[in-house]
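Subject: Structure handover

Hello,

Please find the structure below, with the sequence alongside. My notes on what was found in it follow.

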Amino acid sequence: MNQILSVENPKKEKKQKVRNHGTIEINKILKFFSIAIFIFGIFIIGSGSYSMYQEAAATKVATKPTIYVEETSETEIILQISHDKAIEKVIYQWNEEEPTQIEGKGKKKVEQKIEIPTGENTLNVYAIDVNGQEITYQKKYTLLGDININLEANGNNIKIIAEGKEELSYMTYRWDEEDEQTIEINNIQTEQTIEIPKGLHTLTVIVVDRNHKTQTKKQEIKGVTKPKLEVSTDGADNFIIKASDEEGIKRVEFIINETERNSLDLDKVLPLEQRKEFEYAYPLHDGENRLEIRVYNESDVSEVSKVLVRK
């Protein structure tokens with residue numbers, strides 16, 4: 001029996017293997033680059049989206065309510081607060097008087113009519129949204145009425161100044177809910193100085209003219225006391241400054257013979273407890289010493305003493 005043996009060419013088989021191996025390697029490379037491009041694309045899209053989100057979030061946080069005041073007449077204004085988000089609350093007050101609060105109730109616009117008081121007064125407005133973003137507004141208004149009342153603080157006293165178009169009959173004032181004090185006027189204007197009680201209190205002043213027209217002014221006032229000051233000598237060489245205050249002595253100034261000026265900033269060198277009672281000695285000049293000593297407390301209320309000392 002004849003047998004036919006088929007023998008493949010070794011060179012041809014090797015060539016075929018090389019071709020197949022090259023195809024596999026190219027496919028792997030293409031697959032790798034395809035996956036890499038896909039991942040890079042996702043990263044780019046994600047980064048862009050995150051940036052857009054961050055910008056949108058920043059814009060959302062940065063926006064604040066806007067305040068607009070329309071003067072509808074000489075005696076009235078309309079307060080308007082608007083926003084692209086819900087308004088939490090609005091607070092307004094004249095000068096240091098008791099504030100009035102308006103609840104936003106989820107609205108994006110709030111309006112309120114406000115009557116302008118006579119005299120010179122400052123309107124303060126504060127608004128806040130649901131995200132805690134705040135805005136403030138302040139404007140001074142002057143309205144001349146039949147009766148004008150102004151208050152001027154001076155240390156631990158306050159001056160009440162009232163003026164009317166007609167003769168003023170009388171004025172009453174009271175601190176907080178205490179009994180009213182009445183002062184007869186019978187003039188077109190008056191000035192009255194009263195002492196401010198220590199601490200934070202509300203002063204209510206009412207002025208009535210001869211035609212029974214009435215004007216009321218109410219304002220919160222903080223009362224402070226003046227420091228205590230005593231100037232003496234230790235015999236012949238020095239003069240002694242003794243000062244005390246419940247808040248603490250902040251600064252001491254003294255002038256000798258109108259030419260030599262000295263200042264001690266105690267709040268920069270001494271703790272508060274050591275400044276509630278303070279004593280300081282300074283040499284006298286030969287001959288005549290005209291001394292002017294002034295001390296200030298933490299509220300900048302001062303006391304002064306002028307003495308003449310000879311050495």
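**Strands and sheets**

Strand β14 (residues 238-244) and β17 pair in the antiparallel sense, over seven bridges. Strands here are DSSP runs of E with at least two residues, numbered from the N terminus (helices are H or I runs of at least four residues). Two strands are said to pair if DSSP finds at least two bridges between them. Within this pairing, K242 stands opposite E279 in β17.

Before the rest, a note on provenance. The model is predicted, and local features need pLDDT of at least 70, side-chain atom pairs count only at pLDDT 80 or more, and totals for chains, interfaces and linings use all residues. Residues are numbered from 1 along each chain as its sequence is written, and side-chain values use heavy atoms, with hydrogens and water left out.

β14 and β17 belong to an open sheet of three strands in the order β13-β14-β17, with antiparallel pairing. β13 (228-233) and β17 (277-283) stand at the edges with a single partner strand each, so one side of each has no neighbour in the sheet. From one strand to the next the twist averages 15 degrees (axes are lines fitted to C-alpha atoms, for helices over the stretch in contact, and angles run from 0 to 180 degrees between N-to-C directions).

Elsewhere, β3 pairs with strand β4 (residues 100-103) in the antiparallel sense, over four bridges. V90 stands opposite I102 in β4. β3 and β4 form a hairpin with five residues between them, and N95 in the turn has a positive phi of about 55 degrees.

**Aromatic rings**

A search of the whole structure finds seven aromatic pairs. Rings of Phe, Tyr and Trp (its six-membered ring) pair if their centres lie within 6.5 Å; planes under 30 degrees apart count as stacked, over 60 as edge-to-face and the rest as tilted.

One of the pairs is W94 with Y141, which is edge-to-face at 5.8 Å centre to centre and 75 degrees between the planes. W94 lies in strand β3 (residues 87-94) and Y141 in strand β7, so this pair ties together parts that are 47 residues apart in sequence. Both W94 and Y141 are buried, where buried means under 20% relative accessible area, exposed over 50% and partly exposed in between (1.4 Å probe, protein chains only).

F278 and Y280 form a stacked pair, because their ring centres are 6.2 Å apart and their planes are at 15 degrees. F278 is buried, with a relative accessible area of 12%, while Y280 is partly exposed at 25%. Ring pairs also link F278 and Y280 into a cluster with F239, F254 and Y282.

A charge also meets a ring: the charged end of R251 sits over the ring of Y296, 4.2 Å from its centre. The criterion is NZ of Lys or CZ of Arg within 6 Å of the ring centre and within 35 degrees of the ring normal.

**Salt bridges**

The structure holds 18 salt bridges, each defined as a side-chain nitrogen of Lys or Arg within 4 Å of a carboxyl oxygen of Asp or Glu. Among them is the one between K139 and E71, with the closest N and O atoms 3.0 Å apart. This pair links distant parts of the chain, as K139 is in strand β7 (residues 134-143) and E71 in strand β1 (residues 66-71), 68 residues apart. K139 is partly exposed at 33% relative accessible area, and E71 is partly exposed at 47%.

K85 forms a salt bridge with D84, the closest N and O atoms being 3.3 Å apart. K85 counts as buried at 11% relative accessibility, whereas D84 is partly exposed at 46%. In the salt bridge of D265 with K268, the closest N and O atoms are 3.9 Å apart. D265 is partly exposed at 31% and K268 is exposed at 66%. D146, K165 and K213 are linked in a network of salt bridges.

**A buried asparagine**

N121 is found in strand β6 (residues 119-129) and is buried, with a relative accessible area of 1%. Its side chain makes a polar contact with the side chain of K217 (2.9 Å). The N121 side chain also reaches the backbone oxygen of P117 at 3.3 Å. A polar contact is a pair of N or O atoms within 3.5 Å; within protein, one must be able to donate a hydrogen and the other to accept it, and residues adjacent in sequence count only if both atoms are side-chain atoms.

Regards
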